[in-house]
Amino acid sequence: MYRVHDRLIRHCAVVSILALCAAVPASAQSSGSRGTLTGTVLDPVGKPAGKVTVQAQSADGQTTQRATTETTGRYVIGGLPFGVYNVTVTVPGLKAFERKGVSVQAASTSLDIRLEEGSQLSTLGEDPLGIAADRARRAPPSGPTPRTADGKPDFSGVWWAPTVVDPGKPEWLPDAQQVAARRQANNRKDSPQVRCLPSAVLRRGPLVQFVQSKEVLIEITDDDSPGFHQIYLARSHPKEQDPLWYGDSVARWDGDTLVVDRNNFLDEVWLDQDAHPHSDKLHVIERYRRRDLGHMDVEITVDDPGVLARPWTFTRASELAPKEEIREFICNENNSDLPHLIDK
Amino acid sequence: MRNHWSTAAMVVALCVGAHAPAWAHHSFAAEFDVNKPVTLMGTVTKLAWTNPHAHIYMDVKDASGKAVPWDLELGSPNALIRRGWSGRTLKAGDVITVSGYLAKDGSHLANARSVTLSDGRTVFAGSSLDAGSAQ
């Protein structure tokens with residue numbers, strides 16, 4: 001469901017190792033009741049974490065100041081009113097750093113920070129630098145919403161994986177929570193995706209391409225199997241059909257909004273990136289709107305009384321990636337991981 | 001970098017926090033041990049530009065001088081290509097140093113977190129985390 005780095009940001013654990021907090025009197029820069037917070041930020045392998053943002057927020061929330069680290073990893077946040085601060089560093093792909101109760105009561109206070117690996121993504125290409133590089137490549141073009149010959153919005157194009165705008169408030173039933181907790185505790189060893197099967201009903205990305213015609217919208221992904229999913233625009237759900245990994249997807253137009261209706265999912269597919277299951281009652285409604293040339297908004301409602309107390313609605317947004325191209329992803333080419341996976 | 005092969009394993013105790021449920025092809029924690037960082041120096045035998053992961057296969061000399069084959073896992077080619085890398089970034093015979101984390105099952109498998117050539121140049125690496133500061 002959630003894009004990888006957004007999930008990391010939302011759920012990163014607080015880390016608090018190798019942080020040194022000591023008040024050191026300084027002479028020249030003291031200015032009454034204000035002080036400076038300074039130190040060095042190192043990445044998990046001990047190298048300077050260049051150009052990351054360090055934020056100091058007063059305990060009462062009244063003061064928030066930020067500084068960007070230099071290439072040496074050094075940062076300086078000056079002019080802080082004396083007080084107690086919550087210091088944070090958030091880097092997608094790494095554990096979020098948070099140190100509460102940092103007391104700035106002198107001209108200069110030192111806080112060195114050592115970032116830690118995220119527990120899931122630490123491999124080249126899927127590491128924090130890779131995530132940051134993807135973010136740096138984002139430059140959605142401006143312009144009006146492109147339209148097809150019949151005047152409908154045209155969603156065609158390559159898009160970055162969506163970010164969650166409003167996560168909503170899913171109310172999972174206890175059994176569904178237990179299944180998800182067990183799957184996560186087992187390191188997702190039994191995920192269909194590790195066997196090169198489709199990952200999850202609600203997952204997208206890192207890149208997604210839409211190819212649209214009057215009859216069908218085809219979604220192509222760059223790291224899932226089989227890599228494509230058809231959404232039919234000119235038919236309704238069949239009365240009888242065998243279940244499908246991505247479900248049967250049909251769509252209709254509601255003004256400029258494309259309303260996708262998905263049902264009839266195979267038992268084996270997982271619902272979302274948090275490893276929740278689904279029941280045979282799963283029904284997903286996705287409302288796509290291309291706000292302009294460079295942006296797409298999607299409101300998703302998951303209705304499954306077998307796993308949710310009530311329908312869950314959340315929203316996501318995507319940016320166009322006009323310079324990206326999706327290369328083939330033949331997962332079974334060299335899926336050598338399976339024998340090495342350990343569930344505890 | 002010295003012009004000989006050696007194996008150096010550096011194990012640094014890191015605090016293990018809650019698992020962030022990010023999702024690549026498989027969970028990092030299912031295969032690799034964040035508590036077992038390792039640095040390996042050896043000679044590339046093959047760069048496999050394959051899905052779902054690219055792999056560096058290389059020979060690393062053990063303490064007795066015997067060449068031991070190792071498997072170093074990278075991200076997917078789709079992700080690596082966006083960094084400007086290709087299946088020709090490394091070739092057989094390159095002497096490299098790889099830092100990463102050991103597989104939990106004790107096999108000669110690790111993930112690759114950084115790769116450095118014998119002349120000191122770093123390959124398969126980005127420049128900074130600058131775009132990652134979510135503010």
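1. A:R310 is partly exposed in this predicted model, with a relative accessible area of 46%. The side chain of A:R310 forms a salt bridge with that of A:E171, at 2.4 Å from N to O. A:R310 sits in the loop between β17 (295-303) and β18 of chain A, and A:E171 in the loop between β10 (163-166) and α3 (174-185), so the bridge ties together parts 139 residues apart in sequence. A:E171 is also partly exposed, at 35%.

2. A second bridge in chain A joins the side chains of A:R137 and A:E324, at 3.0 Å from N to O. This pair links distant parts of the chain, 187 residues apart. A:R137 belongs to the loop between α2 (128-136) and β9 (157-160), while A:E324 belongs to the segment after β18 (312-319). A:R137 is partly exposed at 37% relative accessible area, whereas A:E324 is buried at 11%.

3. In chain B, B:K91 and B:D94 form a salt bridge, with their closest N and O atoms 3.0 Å apart. B:K91 is exposed at 55% relative accessibility; B:D94 is buried at 13%.

4. Salt bridges also link A:R204, A:E219, A:R262 and A:E286 into a network. Over all chains, the count of salt bridges is 15.

5. As for the overall fold, chain A has 3 helices and 18 strands. Of its 344 residues, 54% are buried. Among contacts in chain A with a separation of 6 or more, 62% are between residues 24 or more positions apart. The accessible surface of chain A is about 14900 Å², and carbon and sulfur atoms contribute 50% of that surface.

Conventions:
Residues are numbered from 1 along each chain as its sequence is written. Chains are lettered from A and ligands numbered from 1 in the order in which they are written. This is a predicted model: local features need pLDDT of at least 70, side-chain atom pairs count only at pLDDT 80 or more; totals for chains, interfaces and linings use all residues. Side-chain values use heavy atoms; hydrogens and water are left out. Helices (H or I, at least four residues) and strands (E, at least two) are DSSP runs, numbered from the N terminus. Buried means under 20% relative accessible area, exposed over 50%, partly exposed in between (1.4 Å probe, protein chains only). Contact means heavy atoms within 4.5 Å. Accessible areas come from the Shrake-Rupley method with a 1.4 Å probe; for residues, only the protein chains shown count as cover. A salt bridge is a side-chain nitrogen of Lys or Arg within 4 Å of a carboxyl oxygen of Asp or Glu.
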